[in-house]
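Here are some friendly notes to read alongside the model. Please keep the sequence and the coordinates open as you go through the points.

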Amino acid sequence: MELQPESDSQAAITPTQFILHSIAAPWTVQRIYEYWRDSTNLESHFGLAYDGDLGQFIGTQTRADANMYANVRAISLESASNLDHTDPWTDAQIEQIIKLGVWLHQQHGIPLQICPSWDSPGYGFHRMFPQWSDGGTACPGDARVAQFKNVIFPEIVRRANGGAPSQKDVLDMTPDELKAIVKQAIEEERLTLVKDQIYWLGTLVNDEEVTDSDTAWQVNRNRGALKNFFGK
Ligand SMILES: [Zn+2]
């Protein structure tokens, strides 16, 4: 399924990041495609249904628009979820994300690391950095963040390094085990988010030069808004 006009009209990219999303709807690949064709321009390269059905809508070397300031370098995947994107990925979804993650490493040389900063190469999920969304997002949800950190990313690394698929069934955990993992991931997330926000606010109120053109644009816009707000 090729999404037009985006597939032909959007700029070429050299992808260095892979960013995971939840679409807050329990949709099939066909329905995700129709949503982007008819309703919004914030498309992703890939769409993933609950049953593991994977669709591609845009070439991996063409820009997709789901990731704000990372669009110039990120390959993105949307995935079916419940309406609040609070549910975990299904086994079938996890298996596809892992396979795609390994393929992207082999095909595009995406390095086997979790993105250490918003513009560094690697793997990540939408809410990891404020620069990846317009004003922050909870996407893809706490349960999926926990799965990314504890199951998906480690398994991508293992397989990319020649390991056989892990025998452990990822959802073969008790609700209490899953809950404990989610809780820990939320804590870690919160600390990271607080750190990011402090840094981000710092760049707004000091006059530090920002060299990256995308960041400079947003910093200047926010500095303007702050000045208006304080009336000076
Ligand atoms: Zn998202």
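1. Burial comes first: of the 232 residues of the protein, 33% count as buried. A residue is called buried if 20 or more other C-beta atoms lie within 10 Å of its own, exposed if 12 or fewer, and partly exposed in between, with C-beta atoms placed from the backbone. Please bear in mind that this is a predicted model, in which local features need pLDDT of at least 70 and side-chain atom pairs count only at pLDDT 80 or more, while totals for chains, interfaces and linings use all residues. Residues are numbered from 1 along each chain as its sequence is written.

2. On overall dimensions, a compact globule of 232 residues would have a radius of gyration near 17 Å, and the protein agrees with that at 18 Å. The radius is taken over C-alpha atoms, and the globule rule is 2.2 Å times the number of residues to the power 0.38. Along the principal axes, the C-alpha atoms fill a box of roughly 60 × 45 × 35 Å. Among contacts between residues at least 6 apart in sequence, 67% join residues at least 24 apart; a contact here means C-beta atoms, placed from the backbone, within 7 Å.

3. The protein has six helices and five strands, and along the sequence they follow the pattern α-β-α-β-β-β-α-β-α-α-α. Helices (H or I, at least four residues) and strands (E, at least two) are DSSP runs, numbered from the N terminus.

4. Strand β1 deserves a look of its own. It pairs with β4 in the parallel sense over four bridges, and L20 has L77 as its bridge partner in β4. β1 also pairs with β5, again in the parallel sense over four bridges. On that side, Q17 stands opposite G122 and F18 stands opposite Y123.

5. Which residues of β1 point one way, and which the other? Q17 and I19 point one way from β1 (residues 17-20), F18 and L20 point the other way, and all are buried. In a regular strand the side chains alternate between the two faces of the sheet.

6. Q107 lies in α3 and is exposed, because 12 other C-beta atoms are within 10 Å.

7. Two cis peptide bonds are worth checking in the backbone. One joins Q4 and P5, with omega about 5 degrees, and P5 lies in the segment before α1 (6-9). Another joins C139 and P140, also with omega about 5 degrees; P140 lies in the loop between β5 (122-125) and α4 (142-160).

8. Please look at two positive phi values too. M68 has a phi of about 50 degrees although it is not a glycine; M68 sits in the loop between β3 (54-56) and β4 (74-79). Buried or exposed? M68 counts as buried because it has 20 C-beta neighbours inside 10 Å.

9. Lastly, the domains: the assignment gives domain 1 (6-163) and domain 2 (177-230), with bounds that come from an automatic or database domain assignment. Their centres, taken over C-alpha atoms, are separated by 21 Å. The contact takes twelve residues from domain 1 and twelve residues from domain 2. On the side of domain 1 that touches domain 2, the residues divide into seven nonpolar, two polar and three charged. Here Ala, Val, Leu, Ile, Met, Phe, Trp, Tyr, Cys and Pro count as nonpolar, Asp, Glu, Lys and Arg as charged, and the others, Gly among them, as polar.

Terms used. Pairing = 2+ DSSP bridges. Contact = placed C-beta atoms within 7 Å.
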